[in-house]
Amino acid sequence: MPDTRTVNPFTETNSFQKISGTEIAKFFHNFTIDESCGKCTPCRIGTKRMQSILEKISDGHGTSADLDVLEKLTGYITENSFCGIGQTAPNLVRSALSAWRNEYDACTVKIKVNGMEIECPSTATILEAAKTAGINIPTLCYLKEINAIGACSICMVEVKGTSNLVASCVTPVSQGMEIFTHTQNVRDARRITLELILSNHRKDCLTCVRNLSCELQILALNAGVKSVGFADDELKPQIECSTLHLVRDNSKCVLCRRCTAVCKGVQGVGVIGVHDRGFETYVGCDFDRHLGDAACVSCGQCVIVCPTGALTEVDDTATVYEALADDTKYVVAIAAPAVRVALGECFDMPIGTNVQGKMVSALRQLGFNEIFDVSVGADFTIMEESTEIIKRLETEEHLPIITSCCCSWINYCEQYYPEFIPNLSSCKPPQIMLGALLKTYYAKKIGIDPKDLFVVSVMPCTGKKEEIRRPHHQAIPGVFDIDVVITTRELGHMISTGGIMFHKLPNEEFDPALGISTGAGYIFGTSGGVMEAALRTIAEKMTDKVSDKVSFTELRGMQGVKEAEYDLNGKKAKVAVVSGLKNAGNLLDSIKAGKARYDVVEVMASPGGCIGGGGQPIHDGATMNYTNINELRSLALYQGADDLRPLRKSHESPIVQEVYQHAIGEPGQKVAHEWLHTKYQARPLESKKKI
Ligand code: SF4
Ligand code: SF4
Ligand code: SF4
Ligand code: FES
């Protein structure tokens, strides 16, 4: 007997729930539940169980077995309920059932995978159907919703009745299809494919930055590649390091095109593409320009999707070690909120674990003199930005005001949408604000020459390496606010190199001088967080009253675009939160065309915000395809951090109040502008100027 399993056909992409009237049936069923007197069992419990099944169908998780149970329940409740309410309660659902069955059958196919009978949506690919049934087909070029091009030939499978193997990532299932995923023929083909790829690959695994986290290595291991049975190209490194944030080495590129797909399809930038033909094919910029001369926005999204060591961030750890070894330097580390909910992944901890305490402890063991929290910088950002937002709302000048925390967004705006530069907030991003306060207020407070205060910023994003070199990021002329940026991955590497047993570290606190933030500062790490943090302060500043509303849940979640409208002291303010630069570009186009109007807009270049930054730990394709990595990290910031803070509004922070009182004066005034604000420069694409 074949093992029979049921696969969910009610996916977001099929039309079942949209046209079936499920929502109408659910609405009326909920009404009858409310009307039930609760006396007899069939009506009291039966209708409740019907409701759960309707919810499941409505959520897109219903199965044919659920339709069977629903059918039985409707008959049972009608026949056994005590009064007319119960007897008629299931009528609407019963009449919808036959339509649902027809739709279910129309959008479902029965197939066999390795002899196992499977029912799955007719829109599924072989890869998806096999995965749902618990069979893992290896992939290399495929990335869900980003890159489905059938290029690498790793995911090939046998289909009965076809003479050639087919690429499972791009081949849809069909009724009665019989698929074999791991036959000798398939395994041989996969091994030969990998041997061919490896024959044109510079294999210096032991010294490669992706050693032990390389998808090509793992595929070769699992496919049983013992040697490369073809003439081996003797490749030399092909290093392209024209930017401050990333390095390309095409001698390790497998031409999966995941990087080009994310750059164009997710970021709407498209500065890298595939060039030449046949064996000479390679990835690079148009006209063989260096990336540093193209309009790259430094987001690093290409790095986190690259399966090999072909794309990496610029390694700045040597500069950090040098500073730590220099007795004349007072070396301070500052860490962004998104780092603490991802660093644990470098040490195989579950995605979305908040390791703030261990991170601080590790930084102390590495030898930093003090460790501060970039969330404190975010609290200062809110003080300045909320002042700016209120002023613009009052004067109605340059609306919408658009946030400026995200370095890659600023690059994108300056290069692709310079007409929106007047709309940008002039606030420096949180890491730069904190660096500026360290070099001015704090250096003076502890009696150190700002030139000897060396600030290392740990960031989730590669673009921050470039951001610190912007000319206006010097509160003291000639002294950069931040000295060096390392990514979450680089910090993870430093911890491993230092022999620090991360799992065993105690939880320690940031140093108190600039290390205790509010919850508002924490949520800067996720899409919607900056807007929510700003609203917590704006609502009170505009009314001079304490507001009960702390959580703006409508701005949370991983959707690329979120909108809401608020009443701010009698004034309606329409806000939008957008992540992913392609989404940002579309939103700006709508504003330009007069199709949309907003008062305040938050833009983050990385999908999901900084938690999805290009400097975060890299996961393999299968994990990226089937786990909502950013949602787990985001939850850790809201539930494990913001919710637990005694203070959740930036203006309530005692540190913020003390520094304004003793050093800055009022937000938006002279000192604030010198230390905490910046300027932008249009950099039209045709005359791309470096920062
Ligand atoms: S990219 Fe992977 S296979 Fe290639 S050298 Fe690096 S670790 Fe080895
Ligand atoms: S860093 Fe961003 S903009 Fe630059 S090439 Fe990579 S994905 Fe494209
Ligand atoms: S650079 Fe990396 S992501 Fe881009 S095509 Fe090459 S291997 Fe794939
Ligand atoms: S062809 Fe399917 S994963 Fe590359």
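## Ligand shell and strand pairing

In this predicted model, the shell of residues around ligand 1 divides into four nonpolar, five polar and four charged, where Ala, Val, Leu, Ile, Met, Phe, Trp, Tyr, Cys and Pro count as nonpolar, Asp, Glu, Lys and Arg as charged, and the others, Gly among them, as polar. The shell holds 13 residues, the closest being Cys 205, Cys 208, Cys 214, Thr 308 and Gly 309; a residue is taken as near if its C-beta atom, placed from the backbone, lies within 6 Å of the molecule or strand.

Residues are numbered from 1 along each chain as its sequence is written, while chains are lettered from A and ligands numbered from 1 in the order in which they are written. Local features need pLDDT of at least 70 and side-chain atom pairs count only at pLDDT 80 or more, whereas totals for chains, interfaces and linings use all residues.

Strands are DSSP runs of E with at least two residues, numbered from the N terminus, and two of them pair if DSSP finds at least two bridges between them.

| Strands | Sense | Bridges |
|---|---|---|
| 4 and 6 (residues 178-180) | antiparallel | two |

Met 156 stands opposite Ala 167 in strand 5, and Val 159 stands opposite Ile 179 in strand 6. Strands 4 and 5 form a hairpin with six residues between them, and in its turn Gly 161 has a positive phi of about 95°.

In strand 13, Asp 373 is the bridge partner of Ala 335. From strand 13 (residues 370-373), Glu 370 and Phe 372 point one way and Ile 371 and Asp 373 the other, and all are buried, that is, 20 or more other C-beta atoms, placed from the backbone, lie within 10 Å of their own.

Key: Helix = DSSP H or I, 4+ residues; strand = E, 2+ residues; numbered from the N terminus. Buried ≥ 20, exposed ≤ 12 C-beta atoms within 10 Å, placed from the backbone.
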